[in-house]
Amino acid sequence: ASEFEALFKASLPKGSSTISYKKNHGQQQEPISKAEILFRSYWRRTWIIGLWLTICFALFTWKFIQYSNRAAFQVMGYCLSTAKGAAETLKFNMALILLPVCRNTITWLRNNPGLNSVIPFNDNINFHKVIAGGIVIGIILHGGTHLACDFPRISGSDRSVFRQTIAANFGYQQPSYFQILSTTEVASGIAMVVLMMIAFPLATKWPRRQSPSLPKSVRKVTGYNTFWYSHHLFVPVYALLIVHSMFLFLTDNLVEKTTWMYIAIPVLLYAGERITRAIRSGFSEVEILKVSLYPGKVLSLKLQKPKGFRHKSGMYIFIQCPQISPFEWHPFSLTCGPEDDYLSVHIKTLGDWSCQLYSLFEEAILTGLKQYPKIYIDGPYGASSQDHIKYDIVIMVGLGIGITPFVSILKDIATRLKKSSINHAACGEGSLEKIPLKAYLYWVTREQSSFNWFTDVMKEIADTNQKQAVVEVFNFLTSVYQEGDARSALITIIQSLYQAKYGIDIVSRTPLHTQFGRPNWFNIFSKLARRHRGARIGKKTSTFTILGVFYCGPMTLARELEKLCTKFSTKTSTIFVFHKENY
């Protein structure tokens with residue numbers, strides 16, 4: 001009875017336990033300024049964007065000045081200079097936009113510690129989008145000034161001025177506006193713009209994810225598949241770009257037709273990557289060892305590990321199912337450890353392709369088919385979660401299926417801890433492989449059945465923690481009222497009694513306790529900052545503890561966590577460095 005009374009009291013609402021991050025009773029801290037924190041967080045992005053803008057501005061200025069001193073300037077004026085300056089930036093950006101999506105090259109480069117420390121490889125997709133924005137601006141300036149200013153001035157200029165300046169470029173016949181539009185260079189340019197006007201909007205977030213805010217008629221023709229196929233319009237766009245660059249009004253000098261010089265190496269590199277990927281994936285049909293279907297429409301595939309396949313924790317692979325489409329490849333985080341002799345992925349049905357894949361395997365299991373659908377893989381590829389090895393203290397936050405990139409990290413840590421214990425027992429020495437001194441995992445999910453996805457992994461972590469408490473896992477079930485709320489008091493009591501008697505959490509079916517409601521991230525960061533505060537050396541010098549924060553999930557929480565990282569880094573002696581998964 002006394003035990004029940006104690007548990008009941010523990011489940012009742014508690015007073016406010018908000019911890020102030022401004023106080024430090026043990027010692028006075030010298031927090032870092034916000035400017036320094038922002039510099040540390042964004043300096044790599046800043047210098048890359050700054051360099052890109054500088055090059056664009058330099059190219060624009062160079063061509064602007066060059067054409068301001070040519071005879072054609074007398075006919076078209078600064079419209080010509082603006083169009084040609086924008087054209088030069090377009091050449092550069094059309095070449096550059098291919099590099100961030102050369103995934104094999106980026107995965108190889110990020111293995112170089114020197115390059116990885118100064119180039120933000122994790123932001124490759126974001127940089128790809130920024131360059132696309134630069135291309136849109138370039139098209140508006142180049143195409144807009146040509147159509148609205150240059151061409152009308154050519155067709156409507158004084159005949160004597162026309163003859164003295166640019167008549168030779170038009171066969172000594174002054175063209176009309178529509179005659180100019182029908183030329184090869186203009187027609188190819190307009191065709192490029194039309195194709196880009198199809199591809200660019202379909203690549204934005206709302207059409208790609210079939211946002212409910214879009215009209216129903218629009219949602220029917222959008223989605224990931226539409227984005228994927230429309231994005232491959234870049235092939236005819238680049239072909240038209242070459243044609244467009246070889247037929248120019250104002251010059252016959254091949255030396256000035258430099259578009260091919262800009263795009264040759266990036267196009268060859270990207271084409272080489274696609275060919276390598278096609279050849280490699282053609283030989284990468286993998287044997288499916290085990291298929292599991294979990295509640296919440298989650299498909300788990302355990303695959304035979306191809307010979308020579310090596311990966312690091314946090315990496316991802318692309319998967320193709322030719323029965324659905326021979327062209328579509330979709331990225332999924334590996335949920336197996338680097339030391340495992342198999343590969344595994346967990347796929348949640350969130351789109352057309354994943355729904356079809358789930359249905360195919362569900363049908364195969366229900367009908368008792370001996371042969372599963374064919375699966376091809378490509379990879380592995382690097383992701384931001386790989387950077388966890390840079391930190392002694394790691395914080396991982398996963399929302400729902402967003403836990404997947406961190407499962408391989410947990411398994412890797414557990415494996416290394418076991419090796420370390422064996423080596424220590426046998427030789428009196430620890431493992432030479434680096435593992436975090438402390439790792440925290442916060443898994444937030446709405447469905448209780450989600451905890452079934454990785455029951456074995458969580459049990460393994462719980463067993464490992466009995467020997468070395470390196471990993472702390474915090475499960476949050478948001479579909480139940482927060483602990484302390486009277487409406488969740490009964491389930492909290494039952495949960496506590498069951499765990500006290502059997503050592504198993506009744507919600508997650510593992511030894512790891514499940515908390516109810518949404519996490520209070522402010523309190524969580526506050527406790528972490530107090531637990532891992534920096535040390536003070538002498539009277540004026542302070543050292544700072546650096547924690548790596550890794551997140552996989554929707555952008556809404558990403559913004560909140562990033563703000564908290566900046567806030568606590570400036571107010572405490574603990575620095576939180578934020579990383580988000582981008583595929």
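**Notes on the model**

1. Helix α14 is the main contributor to the nonpolar patch, giving 3 residues. Helices here are DSSP runs of H or I with at least four residues, strands are runs of E with at least two, and both are numbered from the N terminus. The model is predicted: local features need pLDDT of at least 70 and side-chain atom pairs count only at pLDDT 80 or more, whereas totals for chains, interfaces and linings use all residues. Residues are numbered from 1 along each chain as its sequence is written, and side-chain values use heavy atoms, with hydrogens and water left out.

2. The patch covers about 630 Å² and is made by I242, V243, M246, F247, L254, W260 and M261. Patch residues have over 30% relative accessible area and no salt bridge; like charges are joined within 9 Å, and nonpolar side chains (Val, Leu, Ile, Met, Phe, Trp, Tyr) within 5 Å. A salt bridge is a side-chain nitrogen of Lys or Arg within 4 Å of a carboxyl oxygen of Asp or Glu. Areas are Shrake-Rupley values with a 1.4 Å probe, and for residues only the protein chains shown count as cover. Both α14 (234–246) and α15 (259–282) supply at least two residues.

3. M261 belongs to helix α15. Its relative accessibility is 44%, so M261 counts as partly exposed; that class lies between buried (under 20% relative accessible area) and exposed (over 50%), with a 1.4 Å probe and protein chains only.

4. Helix α13 (residues 224–231) has N225, F227, W228 and S230 buried. These buried residues pack against α10 (184–202), α11 (205–208) and α16 (352–366), where contact means heavy atoms within 4.5 Å.

5. In strand β9 (residues 471–477), 5 of the 7 residues are buried. β9 runs parallel to β8 (residues 438–445), with 7 bridges joining them, and Y442 has F474 as its bridge partner. β9 is also parallel to β10 (residues 514–516), through 3 bridges; there F476 stands opposite Q515. Strands pair if DSSP finds at least two bridges between them.

6. The largest nonpolar core has 32 residues, of which M396, L441, M458 and V471 touch the most other members. Such a core is a set of buried Ala, Val, Leu, Ile, Met, Phe, Trp, Tyr and Cys residues joined through side-chain atoms within 4.5 Å. Elements giving two or more residues to this core include β7 (393–399), β8, α18 (455–467) and β9. α17 gives the most, with 7 residues.

7. Which residues does M458 contact, leaving aside its neighbours within four places in sequence? They are I403, L410, L441, W443, V473, T510 and L512.
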